[in-house]
Amino acid sequence: MGRWLDMARFKSEQPELQDLYEHNARMLIGTWTETLSPVRDYAHKEWGGLLKDYYLPRWTNYITYLKGTLEGQSLAVPDSFQAEKAWVNAHNRYVLEADVDPVETAKRMYGKYCGL
């Protein structure tokens, strides 16, 4: 995610254009438009940060809706567009380099979930 947004921002030295290019880069993998549209998730990605900041809030709202419905609550189907639009309009940064050793992390996770 960080590399994608940085590539967009580095196309200009003007802050206004950097913001516009970042916005456009986010729209390409997000909502595609400033208005509600059937063209959504066309370019689904699972890049670092995107799952947590873009998809997790959508799924959390949807699962909360499903649980409430199963408990007998009368709830409106959640509209994730506003959250998606907020992400597209954000300027949060994503790290380009991991601060952990991926091999050690994989070994630790393997040990944790495989009981070694």
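1. A residue is called buried under 20% relative accessible area, exposed over 50% and partly exposed in between, with a 1.4 Å probe and protein chains only. On that basis, buried residues account for 28% of the 116 residues in the protein. This is a predicted model, in which local features need pLDDT of at least 70 and side-chain atom pairs count only at pLDDT 80 or more, while totals for chains, interfaces and linings use all residues. Residues are numbered from 1 along each chain as its sequence is written, and side-chain values use heavy atoms, with hydrogens and water left out.

2. The secondary structure consists of 5 helices and 0 strands, where helices (H or I, at least four residues) and strands (E, at least two) are DSSP runs numbered from the N terminus. Along the sequence this reads α-α-α-α-α. The radius of gyration of the protein is 18 Å, well over the 13 Å that the globule rule gives for 116 residues, so the protein is more spread out than a compact globule; the radius is taken over C-alpha atoms, and the rule is 2.2 Å times the number of residues to the power 0.38. The C-alpha trace spans about 50 × 45 × 20 Å along its principal axes.

3. Of the contacts (heavy atoms within 4.5 Å) between residues at least 6 apart in sequence, 57% join residues at least 24 apart.

4. Arg9 lies in helix H1, which covers residues 2-9, and counts as buried because its relative accessibility is 16%. Beyond its neighbours within four places in sequence, Arg9 is in contact with Gln18, Asp19, Glu22, His91 and Arg93.
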